[in-house]
Amino acid sequence: MLALHLLPALNPKPSFTPNRGAAALKPFRNPKTLKPNSSPFTVRSLLQYNRKPQLSGDTPRVVVITSGKGGVGKTTTTANVGLSLARFGFSVVAIDADVGLRNLDLLLGLENRVNYTVVEVLNGDCRLDQALVRDKRWSNFELLCISKPRSKLPMGFGGKALVWVVDALKARPEGSPDFILIDCPAGIDAGFITAITPANEAVLVTTPDITSLRDADRVIGLLECDGIRDIKMMVNRVRTDMIKGEDMMSVLDVQEMLGLSLLGMIPEDTEVIRSTNRGYPLVLNRPPTLAGLAFEQAAWRLVEQDTMKAVMVEEEPKKRSFFSFFGG
Ligand code: ADP
Ligand code: MG
């Protein structure tokens, strides 16, 4: 049997060493391993259907991506849905409203290009367009960060300030974006209230576990109190094997508990973690992975204000086709 201390040398893997300071937090981008993906799934992209989704509702659609609980996939959803919308041809501004723990820039691989934030705009140190970071892959996608990483919510920065930012985006000379996505911080305190204030609709991200669901339920109440009635749910990190083994709630159970319409269900997929660490959102991978396709489909439904039906995975699992996972 191999001695344990030999294993790392025999199986070298990129590793992150915690507590090495800010430099250690740069995404891992080894060009040698930056191949599209190594998923066993070769899934055809929706874009191959050669149709642009029909934009429904008034623009800009101001959508907050929220959850209550942290770590359930809000930022992952914002990055992947946002870039999918851009790929469909819509103009998108994604606002990272997670002030203290901002990381949307990292997921998008744009962290080195954020020179100014909303705080500098409000202080009069730069113009709004200087704080907007345009993605080089999809130039109709822009990122806007509220403040520098690890800073606190600036004094006096609240819902009204974010409404001002959204109004300024609408009034830009090049025209209002089609979508403004707001990546909400975890919790239900001041940062959450600020993030939801300008939104007309919400995407509630949850995982199929009771802690996440309890927080989601609380957040639904708060969104409704704020006048946001259009709330759709995204169930993330779904594991059909665990659902079949009755170790995880099914998406149908989640839907019955929260009573929301379903925008998408995203499987647990190691590719999501790989893409997070590389700053290369999953939906850009070709061919797309299962989770990438699920994000793309959710974005499609968001555009058309459509929803999907949850699938009873426990029922006749062998008869279902691959695409029935998505309710198609
Ligand atoms: P939040 O913004 O809600 O705090 P994140 O989007 O930052 O959550 O995601 C937290 C972690 O979970 C990240 O490391 C991300 O890669 C991982 N993750 C998110 N969704 C999935 C998924 N479907 N499969 C596997 N890992 C996921
Ligand atoms: Mg986040």
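**Figure 1. Secondary structure of the whole protein.** Twelve helices and eight strands make up the secondary structure of this predicted model, where helices (H or I, at least four residues) and strands (E, at least two) are DSSP runs numbered from the N terminus. Of the 328 residues, 50% count as buried, a label for under 20% relative accessible area, with exposed meaning over 50% and partly exposed in between (1.4 Å probe, protein chains only). The accessible surface comes to about 15,900 Å², and 53% of it belongs to carbon and sulfur atoms; the areas come from the Shrake-Rupley method with a 1.4 Å probe, and for residues only the protein chains shown count as cover. Among contacts (heavy atoms within 4.5 Å) with a separation of 6 or more, 79% are made by residues 24 or more positions apart.

**Figure 2. The sheet, strand by strand.** Here you can follow an open sheet of eight strands in the order β3-β4-β2-β5-β1-β6-β7-β8, with mixed pairing. Its edge strands, β3 (133-134) and β8 (261-267), each pair on one side only. Two strands pair if DSSP finds at least two bridges between them.

**Figure 3. Strand β6 and its neighbours.** Since six of the six residues of β6 (residues 201-206) are buried, this strand is largely enclosed by the rest of the structure. Both faces are covered, with E201, V203 and V205 buried on one side and A202, L204 and T206 on the other. Strand β1 (residues 61-66) runs parallel to β6 and is joined to it by four bridges; V63 has E201 as its bridge partner in β6. With β7 (residues 230-238), β6 pairs in the parallel sense over six bridges. Look for L204 with its partner M233, and for V205 with M234.

**Figure 4. A β-α-β unit.** Strand β6, helix α8 (residues 210-225) and β7 form a right-handed unit: with the strands pointing away from the viewer, the path from the first strand over the helix to the second runs clockwise.

Figure 5. Helix α6 (residues 159-170) lies across β1, β2 (92-96), β4 (141-145) and β5 (179-183), at about 160 degrees to β2. Axes are lines fitted to C-alpha atoms, for helices over the stretch in contact, and angles run from 0 to 180 degrees between N-to-C directions. S147 sits in the loop between β4 and α6 and counts as buried because its relative accessibility is 4%. Leaving aside residues up to four places away in sequence, S147 touches V99, R102, T117 and V119.

**Notes.** Residues are numbered from 1 along each chain as its sequence is written, while chains are lettered from A and ligands numbered from 1 in the order in which they are written. In this predicted model, local features need pLDDT of at least 70 and side-chain atom pairs count only at pLDDT 80 or more, whereas totals for chains, interfaces and linings use all residues; side-chain values use heavy atoms, leaving out hydrogens and water.
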